[in-house]
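Have a look at the picture below, then read on.

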Amino acid sequence: MSEVVQAGLWGLVAGSALLVGAALGYGVRIPQKAIATVMAFGAGVLLSAVSFELVDEAYGEGGLGPAAIGTLAGAGAYTLGNIWLARRGARHRKRSGGGRGPSQPTEGEQSGSGTALALGALLDGVPESAVIGVSLLQGGAVSLVTVAAVFISNVPEGLSSSAGMKRAGRGKGYVFGVWAAIAAASTVSAVLGYSVIGAFSPAVIAAVTAVAAGAILAMIADTMIPEAFEEAHLAIGLVTVCGFLVSFALSHV
């Protein structure tokens with residue numbers, strides 16, 4: 001099997017977790033604290049993967065300069081995109097909407113918010129999937145830790161966001177259509193991460209890896225942790241650390 005096909009398949013595997021989470025969030029009534037707890041765990045998993053699989057890899061390949069510049073560039077690009085989408089109704093796209101905090105707007109409350117939510121999901125998912133393809137460039141084998149981290153974190157993302165979409169009055173076709181499209185985009189992103197980035201020098205690959213890391217870190221801080229804190233603030237630290245340690249252990253097995 002060619003490495004391009006492998007990249008696409010692994011991207012699809014990781015992206016399919018969003019559909020698993022969407023099915024749970026839309027079809028099963030899950031307590032808010034449980035959703036927040038799973039979200040905190042997913043944030044911890046991603047934090048560990050970013051630290052030990054992405055930023056550390058970027059530093060090892062390109063040095064401190066490309067790693068730092070790339071990370072800041074990724075965080076900056078994500079933040080700018082997030083600000084633009086927030087003004088169009090996607091600020092709380094990962095909120096499940098059943099607790100004390102803000103919830104996703106309905107289309108009646110803010111016209112065009114449905115499209116903004118879909119674009120927001122795409123913004124969140126593309127960097128994660130791209131690094132799966134990039135990881136194949138390191139020795140010809142995908143980083144199973146990265147795939148596992150993205151998969152584990154995608155379940156609570158899909159779960160919480162889909163629960164919020166349902167509460168905002170969005171239908172089953174819209175909800176599952178969005179996540180199916182993001183799963184497909186994850187496949188394409190992983191393929192592009194491998195095929196396009198692989199043509200560049202190690203320093204550029206390191207910088208691109210760092211860009212993805214910065215975008216993911218900004219996403220965790222801006223969308224995942226606030227949802228977890230809203231409902232499980234007394235335990236969020238412990239749960240997040242547990243997720244961090246699970247991912248850390250996977251990277252050292």
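How many helices and strands are there in the protein chain? There are eight helices and zero strands, where helices (H or I, at least four residues) and strands (E, at least two) are DSSP runs numbered from the N terminus.

## Before we start

This is a predicted model, where local features need pLDDT of at least 70, side-chain atom pairs count only at pLDDT 80 or more, and totals for chains, interfaces and linings use all residues. Residues are numbered from 1 along each chain as its sequence is written, and side-chain values use heavy atoms, with hydrogens and water left out.

## The chain as a whole

Of the 253 residues, 46% count as buried, meaning under 20% relative accessible area; exposed is over 50%, and partly exposed lies in between (1.4 Å probe, protein chains only).

Ile 152 sits in helix H5, residues 144-167. Is Ile 152 buried or partly exposed? Partly exposed, because its relative accessible area is 27%.

Skip its neighbours within four places in sequence, and Ile 152 is in contact (heavy atoms within 4.5 Å) with Phe 41 and Val 45. Gly 42 is 110 residues away from Ile 152 along the chain, yet their C-alpha atoms are separated by 6.2 Å.

## H5 and its partner H8

Val 145, Ala 148 and Ala 149 in H5 meet Ser 247, Leu 250 and Ser 251 in H8.
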